[in-house]
Amino acid sequence: MKSDENQTPKTENNVPIAQNTVSAHNPASKSEPLTQVQADSVITRKDIPNLGFRITVTAIAIAIIIFVIGTYYGIINV
């Protein structure tokens, strides 16, 4: 009888688990160079607004939404 220790685990498509490493984060072909369009479309930290501005815009948007809901339900009488 064979022991279970000698059997290698297989996936459903009969590819050993160690070789089945293709995913969205780890593509199989890493040799493709980036095109200029792909390089230009990468968003870096310097491209986005600073944290204070983002928090301010979010707070103003939430305040407007709460004001509209309060006016709709009659909590705020304008």
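User: Which residue just after helix 2 takes a positive phi?
Analyst: This is a predicted model, where local features need pLDDT of at least 70, side-chain atom pairs count only at pLDDT 80 or more, and totals for chains, interfaces and linings use all residues. Residues are numbered from 1 along each chain as its sequence is written, and side-chain values use heavy atoms, with hydrogens and water left out. Helices here are DSSP runs of H or I with at least four residues, numbered from the N terminus. Just past helix 2, the residue with a positive phi of about 85° is G74.

User: How far does helix 2 reach from its first C-alpha to its last?
Analyst: Helix 2 has 22 residues. The expected span is 1.5 Å times one less than the number of residues, and for helix 2 that comes to 32 Å. The reach is close to that, at 32 Å.

User: What kind of pair do the rings of Y72 and Y73 make?
Analyst: Rings of Phe, Tyr and Trp (its six-membered ring) pair if their centres lie within 6.5 Å; planes under 30 degrees apart are stacked, over 60 edge-to-face, the rest tilted. By this rule there's one aromatic pair. The centres of Y72 and Y73 sit 5.0 Å apart with planes at 85°, so the pair is edge-to-face.

User: Is V78 buried or exposed?
Analyst: V78 lies in the segment after helix 2 (51-72). Buried means under 20% relative accessible area, exposed over 50%, and partly exposed in between (1.4 Å probe, protein chains only). At 83% relative accessibility, V78 is exposed.

Conventions:
Helix = DSSP H or I, 4+ residues; strand = E, 2+ residues; numbered from the N terminus.
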